[in-house]
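The structure is shown below.

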Amino acid sequence: MTDVTDLGIAQLRDGIRAGTFSAREVADAFIVKVSKAKALNAFIVETPDHAIAAAKDADAARAAGETLKPLAGVPIGMKDLFATKGVQTTAASHMLEGFKPVYESTVSQRLWDAGAGMLGKLNLDQFAMGSSNETSYFGNVISPWRRGGGDNAPLAPGGSSGGSSAAIAARLVPGATGTDTGGSIRQPAAFVGISGIKPTYGRCSRWGVVAFASSLDQAGPMARSVQDCAILLENMAGFDPKDSTSLELAVPKWEAGLSSSLRGKKIGIPKEYRVDGMPAEIEALWQQGIDWVKDAGAEVVEVSLPHTKYALPAYYIIAPAEASSNLARYDGVRYGLRELADGQNLQEMYASTRAAGFGDEVKRRILIGTYVLSAGFYDAYYTQAQKVRTLIARDFDNAWMECDLLLTPTAPSAAFALGEKSADPLAMYLNDVFTVPSSLAGLPAMSVPGGLDKAGLPLGLQIIGKPLDEQGVLNAGLAIEERAGFTARPESWW
Amino acid sequence: MSVDTATVKKVASLARIAISDADAERLAPELNNILGWIEQLGEVDTANVDPMTAVIPNTLRLRADVITEGQQRDAVLQNAPQGEHGFFTVPKVVE
């Protein structure tokens, strides 16, 4: 008999519709898996009742002969950056520990309206700041993957959407939401051998998503197949008047539009992405990816994105600057933590609340952001970074005159061990080298698994598309998925 | 540009984050390391380049100036660390 927890979003949806299994059986099976996987620390809160309620609705609708909703009875995980009504929403911070929103984020509401259920709130880097899930107040998420040869060193699931990536790879959920500011969907997806897409900036509403860097933050789906990502994205995206940067456009039928033929497409290979010290295995996988897209009918051309090396330093001005402004709201007055010693005045209350409520990496970024925005430095840092951002976006515009999509590795390495990079913030930041440029330009980009390295760890390939061309990105992802035949999965030890 | 501990304390004060002397000592080299790295942006020629304001062309929408979600006092106060008589409360600010 099939273990339903091995199935993806499309298979669960279709199986529930066809009556192959009930939604309740599906929910129960995943709830058991979640409850037994505490060692991964992927969840901050488990919400079995939510998943069961959605399953009951789906089974009742089916019994009544009604047309089922697009995700009827499909249980998913929700990154704990999305406000969920009545369910603790923390952004993995002490600051918001115990915070129960009185409202629902637009993206999560759309998923519930589509019939999905929630298995729980997934752990992440604190306020989504990190690339390894080591900055969560609620502890590290442990990747379900291990290096071969008896090396049991706990590995990073990537970040910031590390609870999402770990839970999907471990088959605790068939899919989950993520958010991506500089690579937080794509890098964790690559680290655990799953797929994830960051859509064009403005496709998914940011309303109810705890803000990090508002000009970059985008929600997107993570799952084990390109088709599953397309299905989830269709049910997350859409215009929302509550987000001033939401795009007033119809949501395309991405699932129906899937096609793995790349005939007539030109795929660019940006030469600046061949960085010094890139492992030979990543280089080899990239070449393999080039061969796969050629096999799918695409023409491959070399392109140049000359300002690539300045993307990371620009990002590490812009993102902290926006974060320092966004996180000013945590003042101990309206919600969240309050630290107030006897005799402290209001200013002291702000300072001690923020000292106690924020972790080291969050403080580091607020301080950097405050510094680069402070009087006398604003033009030299922030304005210069925004000008460089214009040049980076222009590089992509120029590339689109020669190609339709770009193919690159997702990350410069496979998953590293927990603690391996956490002592050096800069080394950690460099992990985002391939994902940050497309974030700065607001472009849709996706990671799909390509293969395993010598240690048996997954490596990802990234496809970047023109604004609003999620379909092109998904289709190229599908072409690679079909050729990579990636079926490796972590052996259960948790 | 080098940041000393006094600057770190000044910035922390602007950001309303209490830090100890030991924190400032630890943070100064960390921040210098990061700032030193981002300063490479200075070598990019950005003459005649406008700073980015929106990644995807979009226009800010206007809506009618009417109350859309009023009468929500209790919901607004629900997560307040301290509230009294329908207000947020803070330490006394008037001497």
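Helices (H or I, at least four residues) and strands (E, at least two) are DSSP runs, numbered from the N terminus.

## Basis of the model

Residues are numbered from 1 along each chain as its sequence is written, while chains are lettered from A and ligands numbered from 1 in the order in which they are written. This is a predicted model, in which local features need pLDDT of at least 70, side-chain atom pairs count only at pLDDT 80 or more, and totals for chains, interfaces and linings use all residues.

## Annotated active site

An unreviewed UniProt entry assigns "active site" to K79(A), S160(A) and S184(A); such annotations may be inferred rather than shown by experiment, and UniProt positions are given in the numbering used here, with feature names shortened. These residues span 106 residues of sequence, yet they cluster in space, with a largest C-alpha distance of 11.3 Å.

S184(A) lies in the loop between strand 4 (175–180) and helix 6 (186–192) of chain A. It is buried because 37 C-beta neighbours fall inside 10 Å (C-beta atoms are placed from the backbone; buried means 20 or more others within 10 Å, exposed 12 or fewer, partly exposed in between). S160(A), in the loop between strand 3 (117–122) and helix 5 (162–169) of chain A, is also buried, with 35 such neighbours. Beyond four places in sequence, the contacts of S160(A) include S184(A) and N133(A) (contact: C-beta atoms, placed from the backbone, within 7 Å).

## Confidence

The model scores ipTM 0.95 and pTM 0.97. Chain B has an average pLDDT of 92 (the predictor's confidence in each residue, from 0 to 100).

Technical notes
Contact = placed C-beta atoms within 7 Å.
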